[in-house]
Amino acid sequence: MIVILGAMDSEISSFLSVMDNAKILHWNGFDHHQGTIEGRAVLVSKSGVGKVMAAMMTQHLIDAYHPLAVLFTGLAGSLQPHIAIGDTLIASDLVQHDMEASGIGFPRGQIPFSDWRFLPADPRLLHLASEFVPYQGKLHLGRICTGDQFISHREMASHAYLADELAGDGVEMEGASVAQVCAINDVPCLVARTISDKADGSAGVNFEEFLPLASHNSLDLVRYMLPQL
Ligand code: ADE
């Protein structure tokens, strides 16, 4: 089975609309939707927003269902001028941008007293996704920065590190924690995001507007990948 996650209901609704043989399982207030898409066994669930919710849900689903792979889709803010609203950003690697322990000698993003900093995507999943052609916008492979903050004022010096020090291409709130849990459990993982905003003063408005496009785009990508997994 393949686990498909999104942070919010609106980021998983498109998957549910095309699922066959759907069955709902309840877990601690969350609905897990088990069924098939493109003939492949899948489990689709909302994780909730942020690193804790995403990590918790990923670990639970790995323990309970032993998936062959975890795919996480949704929205991200762009950190680079050439990555436009509506484009698709596939994470080639991910980092927790709000992990900051420079005071005890670790570079931003590194989990202290470990080697974990930049978490690579599964090479096979990344290769497959890199051949996807979105119906709108361009496809980019790049670095996703994850943290428990919605970035809406990147022009402020306090967030310059996202594009400078971390060389990030996109920013969101779950990906690196999902990748971290998958890496520890040795489960292949891919995070794919539709760009909803430029992580600037308009980010909040653009985010709401782009939810429908994002879910359509995510469904296209997952439908393209599933038969090849
Ligand atoms: N997801 C989409 N846009 C985002 C932003 N600007 N900051 C954090 N997460 C996001």
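**Reading the model**

Analyst: Start with the nonpolar core. The largest one has 28 residues, and those with the most contacts inside it are Leu5, Val70, Leu94, Val178, Cys182 and Val191. Keep in mind that this is a predicted model.

User: Which elements each supply at least two residues of this core?

Analyst: There are strands and helices on the list: β1 (2–6), α2 (51–65), β5 (69–78), β6 (88–96), α4 (175–185) and β10 (189–197). Helix α4 gives the most, with 5 residues.

User: What is Val70 in contact with, leaving aside its neighbours within four places in sequence?

Analyst: Val70 meets Val3, Leu5, Val178, Cys182, Val187, Pro188, Cys189 and Leu190. Leu5, Val178 and Cys182 are also among the residues with the most contacts inside the largest core.

User: What does the second core include?

Analyst: That core is separate and has 24 residues, including Phe15, Val42, Leu126 and Met225.

User: Next, aromatic rings. How many aromatic pairs does the structure hold?

Analyst: It holds 3. To read a pair, take the distance between ring centres and the angle between planes; planes over 60 degrees apart count as edge-to-face.

User: Is Phe106 buried or exposed? And is Phe113 buried or exposed?

Analyst: The cut-offs are simple: buried means under 20% relative accessible area, and exposed means over 50%. Phe106 has 15% relative accessibility, so it counts as buried. Phe113 has 70%, so Phe113 counts as exposed.

User: Which ring does Arg108 lie over? And which ring has the charged end of Arg143 over it?

Analyst: Arg108 lies over the face of Tyr161, 3.5 Å from the ring centre. For Arg143, the ring is that of Phe118, and the charged end sits 3.6 Å from its centre.

User: Now pockets. How much space lies in the largest pocket?

Analyst: About 210 Å³. Look next at the lining. It comprises 18 residues, and Leu75, Phe150, Glu172, Met173 and Phe207 lie nearest the pocket centre. By element, β5, β9 (170–172) and β10 give two or more residues to the lining.

User: Where is His32, and what does it touch?

Analyst: His32 lies in strand β3 (residues 30–37). At 1% relative accessibility, His32 counts as buried. Not counting residues up to four places away, His32 touches Lys23, Ile24, Leu25, Trp27, Leu43, Val44, Ser45, Met57, His60, Leu61 and Tyr65.

User: Which strand holds Thr36?

Analyst: Strand β3. Thr36 has 18% relative accessibility, so it counts as buried. Beyond four places in sequence, Thr36 is in contact with Val18, Met19, Asp20, Asn21, Ala41 and Val42. Thr36 and Asn21 are 15 residues apart along the chain, and their C-alpha atoms are separated by 6.3 Å.

User: What about Ser218 in helix α5?

Analyst: Helix α5 covers residues 203–225. Ser218 has a relative accessible area of 5%, so it is buried. Leaving aside neighbours within four places in sequence, Ser218 is in contact with Phe15, Thr73, Gly74 and Thr194. Phe15 also belongs to the second core.

User: Last, backbone angles. What is phi of Asp186, and what is phi of Ala199?

Analyst: Asp186 is not a glycine, yet its phi is positive, at about 60°. Ala199 also has a positive phi, near 55°. Asp186 is in the loop between α4 and β10, and Ala199 is in the loop between β10 and α5.

Notes
Residues numbered from 1 in each chain as written. Predicted model: local features only at pLDDT ≥ 70, side-chain atom pairs only at ≥ 80, totals over all residues. Heavy atoms only, no water. Core = buried A, V, L, I, M, F, W, Y, C linked by side-chain atoms within 4.5 Å. Buried < 20%, exposed > 50% of the residue type's maximum accessible area, 1.4 Å probe, protein only. Helix = DSSP H or I, 4+ residues; strand = E, 2+ residues; numbered from the N terminus. Contact = heavy atoms within 4.5 Å. Phe/Tyr/Trp six-rings, centres within 6.5 Å; stacked < 30°, edge-to-face > 60°. Lys NZ or Arg CZ within 6 Å of the ring centre and 35° of its normal. 1 Å grid on protein atoms, 1.4 Å probe; cavity = no way out; pocket = protein on both sides within 12 Å on 5 of 7 lines; lining within 4 Å. Points joined across faces, edges and corners; volume = space filled by probe spheres on them.
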